[in-house]
Amino acid sequence: MNCNVPTDIEFSFRGFRRRGGSTGPHSDGWGIAFYERNGCRLFHDDTPSANSAFAQFVEELPIKSKNVVAHIRRARTGRVCIENTHPFHRELWGRTWVFAHNGQLRGIKKLPLGAFQPIGSTDSERAFCYILERIRADLEPSSRRTTIGRLVHALGRELADLGEFNFLLCDARSLFAYCSKKLVYIVRKEPFARAALADDDFEIDFSKVTTPHDQVAVVATRPLTRNEEWTPVPTNALVVLADGGAVACYE
């Protein structure tokens, strides 16, 4: 989620976490990162999110954030444990970068790493370290969002050659969403309407819990609601989200 004002994720997370072992097969752990300026609060659990008491606790927390990255895992590479649970995070240029990935990359260990090293054994974390090293080596801390976006898109296309590489990358300012197979997003803004979750019998009237100035973008592998129109991201494209909207798309 990316917003123009701090926003809670209770509605989306309520449906999303049910996909971790109830309405979906991703039952090998979950995690979520709530940004606060250049830092973030991170929560991880290696149990299915659908029946996790910790996930229930997080769902009810009154945390509001302008950038949130959540992930439910279906283990393909690396055992089920906390160090292999997304989202992963590292420091670069004095701010926290967060990364989450769906898919599998073959041959990722052949790519060289530098200052960033994986803690766990997933192909996802190794890809994150590779991307951050390329950003650190090729760009400057003052690099514009568009410059970062072009490089992240090029790196996404490069790594997508190794397999399925849907990923989210946040640098505390913008949310970069890359689609190698299937990814959708929605931008909610005035006039707000009712939304019904696809994975839970629950609805909300956003007009009653927002202001006319609010704008919220949500990106997911598949739509989280059943009565809204979500925009598909083109294959091998990168959408850049900032201030609650899609500000660029690289194809």
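Where is Pro191 found? Pro191 sits in the loop between β9 and β10 (194-196). This is a predicted model, in which local features need pLDDT of at least 70, side-chain atom pairs count only at pLDDT 80 or more, and totals for chains, interfaces and linings use all residues. Residues are numbered from 1 along each chain as its sequence is written, and side-chain values use heavy atoms, with hydrogens and water left out.

**Overall build**

- The protein has 4 helices and 15 strands; helices (H or I, at least four residues) and strands (E, at least two) are DSSP runs, numbered from the N terminus.
- The radius of gyration of the protein is 17 Å, which agrees with the value near 18 Å that a compact globule of 251 residues would have. That radius is taken over C-alpha atoms, and the globule rule is 2.2 Å times the number of residues to the power 0.38.
- Along its principal axes, the C-alpha trace spans about 50 × 35 × 30 Å.
- Of the 251 residues, 51% are buried; buried means under 20% relative accessible area, exposed over 50%, and partly exposed in between (1.4 Å probe, protein chains only).
- Among contacts with a separation of 6 or more, 69% are between residues 24 or more positions apart; a contact means heavy atoms within 4.5 Å.

**Surface and charge**

- The protein exposes about 11,400 Å², and carbon and sulfur atoms supply 47% of it. Accessible areas come from the Shrake-Rupley method with a 1.4 Å probe; for residues, only the protein chains shown count as cover.
- The 33 positive and 30 negative charges have mean positions 3 Å apart. Lys and Arg count as positive and Asp and Glu as negative, while His and the chain ends are not counted. Each charge is placed at NZ of Lys, CZ of Arg, CG of Asp or CD of Glu.

- Strands of a sheet pair through backbone hydrogen bonds, either parallel or antiparallel.
- An open sheet is formed by 7 strands in the order β3-β2-β4-β1-β12-β9-β13, with antiparallel pairing. Its edge strands are β3 (39-45) and β13 (231-232), each of which pairs on one side only. Two strands count as paired if DSSP finds at least two bridges between them.
- Tyr35 has Cys40 in β3 as its bridge partner.
- The hairpin of β2 and β3 has 2 residues between the strands, and Arg37 there takes a positive phi near 55°.
- Val184 stands opposite Pro232 in β13.

- All 5 of the 5 residues of β8 are buried, so β8 is largely enclosed by the rest of the structure.
- Both faces of β8 are covered, with Leu175, Ala177 and Cys179 buried on one side and Phe176 and Tyr178 buried on the other.
- β7 and β8 pair in the antiparallel sense over 4 bridges, and Leu168 has Ala177 in β8 as its bridge partner.
- β8 is also joined to β14 by 5 bridges, and these two strands run antiparallel. Tyr178 has Leu238 in β14 as its bridge partner.

**Phe99**

- Phe99 lies in strand β6 (residues 95-102). Phe99 counts as buried because its relative accessibility is 0%.
- Not counting residues up to four places away in sequence, Phe99 touches several residues, including Pro87, Phe88, Phe128, Ile131 and Phe165.
- Ser207 is 108 residues from Phe99 along the chain, and their C-alpha atoms are separated by 31 Å.

**Backbone exceptions**

- Most residues other than glycine have a negative phi, and most peptide bonds are trans.
- A cis peptide bond joins His86 and Pro87, with omega about -10°. Pro87 lies in the loop between β4 (65-72) and β5 (88-92).
- Another cis peptide bond joins Glu190 and Pro191, with omega about 0°.
- Ala172 has a positive phi of about 80° in the turn of the hairpin formed by β7 and β8, which has 4 residues between the strands. Ala172 counts as buried, at 12% relative accessibility.
- Asp243 has a positive phi of about 55° although it is not a glycine. Asp243 is found in the loop between β14 (237-242) and β15 (245-250) and is partly exposed, with a relative accessible area of 48%.
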